[in-house]
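Hello,

Here is the structure I promised to pass on. My notes follow below it.

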Amino acid sequence: MTIVAILLLAILVLVAAQRRFLSFRSQSPADYSGTGPAFKMKEVLNGEILSEGLIYGPNGKMSNSFVARMVGKWDGNTGTLAEYFTYSNGKKMSRKWYLTLGTGNTFTATADDIVGEGQGIISGSTVKLTYRIVLPQDAGGHTLDVTDWMYLTENGVIMNRSEMRKFGIKVAELVATMRPALEAKAAHVSGSNGYDTAAETRTLQ
């Protein structure tokens with residue numbers, strides 16, 4: 001093996017190690033087991049929630065942004081989280097999560113656009129959820145592997161970061177905030193960035 005080939009192999013190994021151990025995917029629920037405030041899903045994902053987020057493409061540039069009105073409802077250990085999205089490109093979309101708390105700190109999540117069940121773990125102030133999502137046909141119809149992390153802050157705001165991959169390659173990333181809707185409305189400028197003001201009073205089905 002030539003010196004050039006050895007150097008190229010070493011570079012590939014370093015890049016692979018960096019992606020595995022020094023990146024978004026390197027974190028685990030155990031890393032946050034002692035953090036607070038505790039992420040109590042039936043309390044945190046309950047009632048009206050307003051979310052604002054950015055979506056980044058594979059080149060690292062922002063490709064879209066959105067606002068969303070969400071409503072969480074619980075009956076014992078099962079709940080739903082209905083979502084109404086309005087994107088900066090004018091597109092609107094609604095969907096609903098079905099959540100079931102399991103043993104320990106685990107839960108499952110399903111939705112119409114999810115393949116099988118998403119698997120979630122609650123740890124300290126965080127939630128990790130992994131699932132496979134089927135994109136709408138106008139977005140390519142691809143099936144992507146998604147890892148969601150939600151981090152609950154001291155003031156009750158949730159910071160959400162998601163990574164979407166196809167064949168192991170990152171194709172998109174999402175960063176968003178989620179907070180009780182009544183607290184966020186005063187700070188949001190209606191009509192900006194494609195915001196759908198009618199969504200505030202629209203009945204969720």
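In which sense do strand 6 and strand 7 pair, and over how many bridges? Strand 6 (residues 118-123) pairs with strand 7 in the antiparallel sense, over five bridges. Strands here are DSSP runs of E with at least two residues, helices are runs of H or I with at least four, and both are numbered from the N terminus. Two strands pair if DSSP finds at least two bridges between them.

Before the rest, the basis. This is a predicted model, in which local features need pLDDT of at least 70, side-chain atom pairs count only at pLDDT 80 or more, and totals for chains, interfaces and linings use all residues. Residues are numbered from 1 along each chain as its sequence is written, and side-chain values use heavy atoms, with hydrogens and water left out.

Strands first. Ile121 has Lys128 of strand 7 as its bridge partner. The hairpin of strand 6 and strand 7 has two residues between the strands, and Gly124 there takes a positive phi near 60°. Strand 7 and strand 8 run antiparallel, joined by nine bridges. Ile133 stands opposite Leu144 in strand 8.

Next, the pocket. A pocket is an open set of points on a 1 Å grid over the protein atoms alone, where a 1.4 Å probe fits, with protein on both sides within 12 Å along at least five of seven lines; lining residues have an atom within 4 Å of a point. The largest pocket holds about 1100 Å³ of space. That volume is the space filled by probe spheres set on the points, which are joined across faces, edges and corners. Its lining has 45 residues, with Ile55, Tyr87, Ile133, Met164 and Leu174 nearest the centre. Strand 10 gives the most to this lining, with five residues.

Last, two loop residues. The peptide bond from Gly36 to Pro37 is cis, with omega near 5°. Pro37 lies in the loop between helix 1 (3-21) and helix 2 (41-44). Phe167 is in the loop between strand 9 and strand 10. Its phi is positive, near 55°, in a residue other than glycine. Phe167 counts as exposed because its relative accessibility is 75%; exposed means over 50% relative accessible area, buried under 20%, and partly exposed in between (1.4 Å probe, protein chains only).

Best wishes
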